[in-house]
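Let's take a friendly walk through one protein model, one place at a time. Keep the structure in view as you read.

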Amino acid sequence: MAPAKRGILERLDAGEVVIGDGGFVFALEKRGYVKAGPWTPEAAAEHPEAVRQLHREFLRAGSNVMQTFTFYASDDKLENRGHTQRFTGQQINEAACDLAREVADEGDALVGGGVSQTPSYLSCKSEDDVKAIFKKQIDVYVQKNVDFLIAEYFEHVEEAEWAVQVLKSTGKPVAATMCIGPEGDLNGVGPGDCAVRLVKAGTDIVGINCHFDPETCVKTVKLMKEGVEKAGLKAHYMCQPLAYHTPDCNRQGFIDLPEFPFGLEPRILTRWDMHKYARDAYNAGIRYIGGCCGFEPYHIRAVSEELASERGFLPTGSEKHGSWGEGLLMHTKPWVRARARRDYWEKLKPASGRPFCPSMSAPDGWGVTKGHAYLMQQKEATSEEQLKVLDKAKKY
C-alpha cells in the first residue's frame, strides 16, 4: 500500500511551495465545454473526458492540487436566469470529485473541494439560506473525502465568512480566497480587515483569486498578510490571479472591462510574465501559488519552473520545454536560435499586432452590488424588457 500523502497544512507548515492549477471555466469554455455567462461546471458530468484531460495537463505542468471542477455548482446558480440543467448540483459535484481524485492519485497531488459566492446572497437571502447552500455542497465533499476545502471567488467578506464557518464544521483544512483588489470588497472592507475576519472565522489559508492580474493580486495578499500579522493572528497565504493584464481595472476587476469575456486574448500574460509572478509571490511569503481565469497548463509550468530550486524538481512537462527557451537552440533559423537565452525573453516587450488599438480600456463602472435591483436573481430567463432597462442604464 502506498504511503498516505502529506496534507495541505503539513506541506505549508514545512515551508514547501504548493502549486495550484488554473482556470477551468475559461479553459473549458475555449474548448467548447462550458457556456460563457452562467460559467457552470456541468461538463464534469456531461464530458468527463475533457475535465479529466485538463486535470492531467495541470498535473504534468507541476500542480500539487487538483481543485474539483465545482465552481458555481450550487443549485441556485445552476437554475439561474433560464439556465436549465440535466444534472443536479450533487451529481455534478460527485462527478467532479471523482475526476479530481483519479488524476490526483496519478501523482503527488491533493484534492481541494470548492464552493463560491451565490446568487442567493446577491438577492439578500438570509444567512441560514446561504449557509444551507454551502452545506449541501460540502456534504458531497465529505462523502468523497476530499483533502481540504476551498471557499473561493467571494466579492463580499460577509458571505465568505459564512462559507468558511460551514466548511470549518467538517474538521478539514480550509482555504479562503476573495476576488478583490487593494480597494477591498464591494462594500469597502479593506483586504487586511477581510483577511482578519476570515482567519477568525476559521480559515487556515487566506488569499486572493480571480478578477485581477498577478501584480495586483500579490499586492493585495501582502495587505492581507499585514492585517493578519498586525492583529496577532497566523495563517498561510495563497494567490490564484488572472492570466490577463488588468492595470486599468476598478474595484470590480476584469468583469468591468469592455473586452470581458470574449476579447481578452490580447491581455494574456506570457510564460515569462508568469516567472516574474511566481518569484514575486514567493518573495512576498506566499506559498500556495496557482492561477485562475486565463491560466493554461503552460502558465503553471512556468510557475513550477521558476520555483524548481525551491521545490527540488522540475515538472514532467518541462521535458518538452527547456529552461528559458533552450529548445530553440535546435531551430533551423539562426535568428530564432539566437533567442534561446534568458535575457532575451526577460527584456521582450510583446506587441499586440493590432494597429490603432488602445493599450488600456475604460472599464464599466456601474457601482452596484448586493441588494440593488439589477442584481436580484431569478430562475426565469432574462427578458427583452429587462435588457432594454439595462441598455438604457449602461454608459457607453
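The largest cavity has a volume of about 30 Å³. Please keep in mind that this is a predicted model. How many cavities of 30 Å³ or more does a search of the whole structure find? The search finds 1.

Which residues surround the largest cavity? Its lining is made of Glu 155, Cys 179, Ile 180, Gly 184, Asp 185, Leu 186, His 211, Arg 251 and Gln 252. Sorted by class, that lining holds 3 nonpolar, 3 polar and 3 charged residues.

Next, look at the second largest pocket. About 1,200 Å³ of space lies in this pocket. It is lined by 37 residues, and the closest to its centre are His 245, Arg 267, Ile 268, Asp 273 and Pro 350. Helices H11, H12 and H16 are the elements that each give two or more residues to the lining of the second largest pocket. Of these, H12 gives the most, with 7 residues. By class, the lining of the second largest pocket has 16 nonpolar, 7 polar and 14 charged residues.

| Helix lining the second largest pocket | Residues |
|---|---|
| H11 | 214–230 |
| H12 | 271–283 |
| H16 | 342–347 |

Now for a pair of helices. Two packed helices are described by the angle between their axes and the distance between the axes. Helix H6 covers residues 89–104 and helix H8 covers residues 127–143; they pack at an angle of about 30°, and their axes are 10 Å apart. The crossing of H6 and H8 is right-handed. On the H6 side, the residues that take part are Gln 90, Asn 93, Glu 94 and Cys 97, and they meet Gln 137, Val 140, Tyr 141 and Gln 143 in H8. The residues of this contact divide into 3 nonpolar, 4 polar and 1 charged.

In the model, the end C-alpha atoms of residues 6–307 lie 20 Å apart, and the span is 45% helix and 12% strand.

The unreviewed UniProt entry also places the feature "binding site" at Cys 210, Cys 292 and Cys 293. These three residues span 84 residues in sequence, yet no two of their C-alpha atoms are more than 6.4 Å apart, so they gather at one spot. Cys 292 is found in the loop between strand S8 (288–289) and helix H13 (297–306).

Phe 260 and Pro 261 are joined by a cis peptide bond, with omega about -5°. Pro 261 sits in the loop between strand S7 (236–240) and H12, and H12 is also the helix that gives the most residues to the lining of the second largest pocket. Trp 39 has a phi near 55°, which is a positive value in a residue other than glycine. You can find Trp 39 in the loop between helix H2 (24–30) and helix H3 (43–46).

Note on methods. Residues are numbered from 1 along each chain as its sequence is written. This is a predicted model: local features need pLDDT of at least 70, side-chain atom pairs count only at pLDDT 80 or more; totals for chains, interfaces and linings use all residues. Side-chain values use heavy atoms; hydrogens and water are left out. Helices (H or I, at least four residues) and strands (E, at least two) are DSSP runs, numbered from the N terminus. Axes are lines fitted to C-alpha atoms, for helices over the stretch in contact, and angles run from 0 to 180 degrees between N-to-C directions. A crossing is left-handed if the near helix is turned anticlockwise from the far one by less than a right angle, and right-handed if clockwise. Contact means heavy atoms within 4.5 Å. Ala, Val, Leu, Ile, Met, Phe, Trp, Tyr, Cys and Pro count as nonpolar, Asp, Glu, Lys and Arg as charged, and the others, Gly among them, as polar. On a 1 Å grid over the protein atoms alone, a cavity is a set of points where a 1.4 Å probe fits but cannot get out, and a pocket is an open set with protein on both sides within 12 Å along at least five of seven lines; lining residues have an atom within 4 Å of a point. Grid points are joined across faces, edges and corners, and a volume is the space filled by probe spheres set on the points. UniProt positions are given in the numbering used here, feature names are shortened, and annotations may be inferred rather than shown by experiment.
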